[in-house]
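Biologist: I would like to learn how to read this model, feature by feature. Can we start with a strand and work outwards?

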Amino acid sequence: MAVGSFAGSIADSHMAVRNYIVPTDLSLDDLRSIFALTDEIIKDCQKFQDVCKSKVMASLFFEPSTRTKFSFDAAMYRLGGNVIGFADPNTTSQAKGESLADTTRIISGYADLITVRSPYEGAAKHMSMYSSVPIINAGDGGHEHPTQTLTDLMAIRHYKQTLDGHVIGICGDLKFGRTIHSLISALSRYPNNKFVFISPPELQLPDYVAHNIDQSMILRQTDSLINEIGNVDILYMSRVQKERFVSEAEYLRLRDYYILNAEKMKRAKKDMVVMHPLPRLNEISAEVDSDERAIYFEQARYGMYVRMALIMNLLDLG
Amino acid sequence: MIYVDSLNEGIVIDHIRAGAGFDIFFQLGLDKIDSVVLLMRNVPSEKMGRKDLIKVESNFELNLDILGLIDPNVTINIIQDGKIMKKFKLELPAAVSGILKCKNPRCISHREEIADSMFYLYDEQKRYYKCEYCDSVTWL
Ligand SMILES: [Zn+2]
């Protein structure tokens with residue numbers, strides 16, 4: 001019964017499949033080993049060039065995100081693996097009305113790993129129920145984008161040596177900023193971190209995010225960047241998302257609410273770092289780019305390395 | 001009172017919030033069972049002013065999740081040989097499926113045919129549940 005045993009082997013392999021759908025899918029131990037592996041990769045990337053030889057990653061971007069797609073695809077290629085995918089989501093069987101469950105069943109027969117970006121929240125989780133191979137969530141609507149969080153953590157760990165004991169200023173759109181919510185919950189897993197939430201009153205952190213972390217970790221909620229910039233070890237800036245606003249005037253007012261410039265940077269600690277998930281708008285002036293405390297371009301580079309480590313970890317190649 | 005009091009075997013769902021009885025009747029699928037079922041509405045009650053009440057003359061499998069979700073304040077009486085064998089209050093279920101719908105229009109559960117998506121209790125006081133897919137908060 002070839003068919004039966006084939007089905008059986010899929011079911012068996014499913015038992016051991018690990019996914020990365022939400023940040024908490026990785027334990028602190030998993031994170032530790034992924035970060036250590038990332039260190040090794042950064043040190044000698046060549047050494048890993050055949051690790052994923054003959055492995056195939058399906059890169060399913062049902063919504064365009066060039067930046068994230070390139071980062072994942074480059075990660076897989078640098079591990080010696082191959083990538084299958086599509087250039088235009090409108091030509092896929094999804095667009096022709098196939099269910100996501102069926103698409104997943106079929107593709108997980110071809111690939112060793114699936115990365116998925118979808119405008120629908122919970123899409124990656126839904127796929128993981130039908131997949132026989134690991135699923136990585138590369139962003140599901142406004143819900144989660146866990147590899148961005150992984151990138152942020154890796155950058156903090158690199159520039160500040162540890163992930164604990166920091167005062168972290170989070171500034172900008174704290175209401176709708178998905179990466180910010182994930183980062184806050186990720187950093188709250190490490191001891192002795194303190195948060196200063198800096199936002200216009202209209203864009204304050206939602207209660208459901210604030211209530212989910214240890215309240216003693218919240219130092220202050222304020223709307224003043226200038227008053228707080230000298231107190232923080234890490235300043236995480238974010239942009240105001242236009243699509244969240246009905247009124248153009250309101251958007252423009254809030255977009256330019258905070259502008260980090262050289263003048264403000266004078267008040268910051270010598271070893272403070274400025275981060276940003278990019279792309280930025282006006283919230284960081286170009287004059288800050290040359291400040292050595294500005295690490296947002298470096299931060300993006302860690303994204304590829306940490307994705308390499310994540311792929312290896314989920315495929316048990318670590 | 002009436003015929004109902006002579007219930008020998010079955011279940012009495014008491015202290016239903018007045019007006020909710022009809023909803024519970026259908027949600028439990030009582031319109032589909034063969035046994036004698038009685039729905040009483042606006043029954044005078046000392047505690048509640050008015051209440052609804054349902055009696056079912058059979059020991060059918062009661063979906064306590066549905067009941068708990070619609071009205072967690074009801075009392076269940078299990079009747080055997082004309083006596084109340086068991087009487088208990090309900091609790092909000094920790095997880096439910098098949099009753100709630102996610103309120104988030106961008107949720108994958110509206111895009112795909114997902115019949116029984118899970119919802120997990122999030123805020124007991126407000127009776128809020130969280131969607132297993134998108135984590136959005138929803139309620140009945
Ligand atoms: Zn949902």
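**Reading strands, loops and a contact**

Modeller: This is a predicted model. Start with strand S3(A), which is mostly covered: six of its six residues are buried.

Biologist: Which residues point one way from S3(A), and which the other way?

Modeller: A:Leu113, A:Thr115 and A:Arg117 point one way. A:Ile114, A:Val116 and A:Ser118 point the other way. Buried residues are found on both sides, since a residue counts as buried with 20 or more other C-beta atoms within 10 Å, and all six named here are buried.

Biologist: What is the order of the strands in the open sheet of chain A?

Modeller: The order is S2-S1-S3-S4, four strands with parallel pairing. Strands S2 (82-85) and S4 (135-140) of chain A have a single partner strand each, so one side of each is left without a neighbour in the sheet. From one strand to the next, the twist averages 20 degrees.

Biologist: How many bridges join S1 to S3 in chain A?

Modeller: Five bridges join strand S1 (residues 56-61) to strand S3 (residues 113-118), and the two run parallel. Look at individual pairs next. A:Ala58 stands opposite A:Ile114 in S3(A). A:Ser59 stands opposite A:Thr115.

Biologist: And on the S4 side, what is the bridge partner of A:Thr115?

Modeller: In S4(A), that partner is A:Ile136. Four bridges join S3(A) to S4(A), again in parallel. To get from S3(A) to S4(A), the chain crosses through H5(A), and this β-α-β crossover is right-handed.

Biologist: Which helix lies across the strands S1, S2, S3 and S4 of chain A?

Modeller: Helix H3 (residues 66-78) of chain A does, running at about 175 degrees to S1(A).

Biologist: Turn to chain B. Is the pairing in its four-strand open sheet parallel or antiparallel?

Modeller: Antiparallel, in the order S6-S7-S8-S9. The edge strands are S6 (95-97) and S9 (137-138) of chain B, and each pairs on one side only. Two bridges join strand S8 (residues 128-131) of chain B to S9(B). One pair to look at is B:Lys130, which stands opposite B:Val137 in S9(B).

Biologist: Now the contact between the chains. How many residues does it take from each chain?

Modeller: First, the general idea. The size of an interface is often given as the accessible area lost when the parts come together. Here, read the residue counts: 13 from chain A and twelve from chain B. On the side of chain A that touches chain B, helix H4 (100-110) and helix H5 (123-128) of chain A are the elements that give two or more residues. H5(A) has the largest share, three residues. That side of chain A divides into five nonpolar, six polar and two charged residues.

Biologist: Last, the backbone. What should I look for?

Modeller: Most residues other than glycine have a negative phi, and most peptide bonds are trans. Look for departures from that. Phi of A:Ser54 is near 70 degrees, a positive value. A:Ser54 sits in the loop between helix H2 (28-43) and S1 of chain A. A:Gln161 also has a positive phi, of about 70 degrees. Its loop lies between helix H6 (146-160) and strand S5 (167-171) of chain A.

Biologist: Why does A:Gln161 count as exposed?

Modeller: Because A:Gln161 has 8 C-beta neighbours inside 10 Å, and 12 or fewer counts as exposed. A:Ser54 is exposed with 9 other C-beta atoms within 10 Å.

Biologist: Which peptide bond is cis?

Modeller: The bond from A:Leu278 to A:Pro279, with omega near -5 degrees. A:Pro279 is in the loop between strand S9 (273-275) and helix H12 (296-314) of chain A.

Conventions:
Residues are numbered from 1 along each chain as its sequence is written. Chains are lettered from A and ligands numbered from 1 in the order in which they are written. This is a predicted model: local features need pLDDT of at least 70, side-chain atom pairs count only at pLDDT 80 or more; totals for chains, interfaces and linings use all residues. Two strands pair if DSSP finds at least two bridges between them. Axes are lines fitted to C-alpha atoms, for helices over the stretch in contact, and angles run from 0 to 180 degrees between N-to-C directions. Two residues are in contact if their C-beta atoms, placed from the backbone, lie within 7 Å. Ala, Val, Leu, Ile, Met, Phe, Trp, Tyr, Cys and Pro count as nonpolar, Asp, Glu, Lys and Arg as charged, and the others, Gly among them, as polar. A crossover is right-handed if, with the strands pointing away from the viewer, the path from the first strand over the helix to the second runs clockwise.
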